[in-house]
Amino acid sequence: MAIREALMALLEQGPASAYQLKRRFERTTSSIWPLNMGQVSTTLQRLHRDGLIEQVDGSEHDVPDDSDSRSDSPVAWLLTAAGHAEVSQWWRTPVLPEQRGRDELVMKLAFAVVTPGVDVSTLVQRQRVSMQRLLHDVTRARRQTDGDDLAARLVLDHRIFITEAELRWLETLDEAQLRIARTHRASASMSAATSVEEDFANART
């Protein structure tokens, strides 16, 4: 997930403290991807190190003192010129599937089907049950979302579409596994029958 770019995009709206950025991120994404303060602080430190943001006196920018800072004035962060340029580049650059990282579910199932002793059908069924619960929860959250909250609707709709697609994919995989299992059982039965016939023939000669 592009936490780095998301925080910079929020800072394009104006200076903000770490705590404000955390709250705005979660509000914008309907808490689908909750952030902890450690993630926010670490990301801000790296952005500062790279010269993309700078620290300013929050009291001069109407930033409430809601951070964990012990100073007399709140600490706020501001995009530098380099930061604005990087966010602008992010807006212009399409996101490709390989940039989203490895999909753990795909990897897990890919290794499961080649690992002896793993009950793939049971694994798939558990995953389906979990994703059906997720789909129910996200759909309910979508119904409760304010119609004017476009950002929340966008995030929740995407989660619904992705979850529905993965459920269909799991159903296809489950059916494929059952067909393979049936084929293996049929082959094993035919081999056993052939072996019996050969033994019987050998006993008569």
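## Asp-157 and Arg-142

Asp-157 is partly exposed, with a relative accessible area of 24%. Here buried means under 20% relative accessible area, exposed over 50%, and partly exposed in between (1.4 Å probe, protein chains only). Arg-142 also counts as partly exposed, at 22% relative accessibility. The side chains of Asp-157 and Arg-142 form a salt bridge, 2.6 Å from N to O. A salt bridge is a side-chain nitrogen of Lys or Arg within 4 Å of a carboxyl oxygen of Asp or Glu. Asp-157 sits in helix H7 (residues 150-204) and Arg-142 in helix H6, so the pair ties together parts 15 residues apart in sequence.

## Model and conventions

This is a predicted model: local features need pLDDT of at least 70, side-chain atom pairs count only at pLDDT 80 or more, and totals for chains, interfaces and linings use all residues. Residues are numbered from 1 along each chain as its sequence is written, and side-chain values use heavy atoms, with hydrogens and water left out.

## Overall architecture

The protein has seven helices and two strands. Along the sequence the pattern reads α-α-α-β-β-α-α-α-α. Both element types are DSSP runs, numbered from the N terminus: helices are H or I with at least four residues, strands are E with at least two.

Of the 205 residues, 28% count as buried. The accessible surface comes to about 13,800 Å², and carbon and sulfur atoms hold 52% of that. Accessible areas come from the Shrake-Rupley method with a 1.4 Å probe; for residues, only the protein chains shown count as cover. Take the contacts between residues at least 6 apart in sequence: 61% of them join residues at least 24 apart. A contact means heavy atoms within 4.5 Å.

## Other salt bridges

The structure holds seven salt bridges. Salt bridges with shared partners join Arg-4, Glu-5 and Glu-86 into one network.

Two further pairs each lie within one helix. Lys-22 and Glu-26 meet through their side chains at 3.1 Å, N to O. They are four residues apart in helix H2 (residues 18-28), so about one helical turn separates them. Lys-22 counts as buried at 16% relative accessibility. Glu-26 counts as buried too, at 16%.

The second pair is Arg-140 and Asp-137, a salt bridge of 3.5 Å, N to O. Both residues lie in helix H6 (residues 120-143), three residues apart, about one turn of the helix. Arg-140 is partly exposed, with a relative accessible area of 39%. Asp-137 is partly exposed at 38%.

## Thr-80 in its loop

Thr-80 is placed in the loop between strand S2 (75-79) and helix H4 (81-92). Thr-80 counts as buried, at 16% relative accessibility. Its side chain reaches the backbone oxygen of Gly-51 at 2.7 Å. Leaving out residues up to four places away in sequence, Thr-80 touches Gly-51, Leu-52, Ile-53 and Glu-54.

## A nonpolar surface patch

Met-107, Phe-111, Val-113 and Val-114 make a nonpolar surface patch of about 390 Å². Patches are made of residues with over 30% relative accessible area and no salt bridge; like charges are joined within 9 Å, and nonpolar side chains (Val, Leu, Ile, Met, Phe, Trp, Tyr) within 5 Å. Met-107 lies in helix H5 (residues 104-112). At 36% relative accessibility, Met-107 is partly exposed.

Conventions: Polar contact = N/O pair within 3.5 Å; in protein donor to acceptor, adjacent residues only side chain to side chain.
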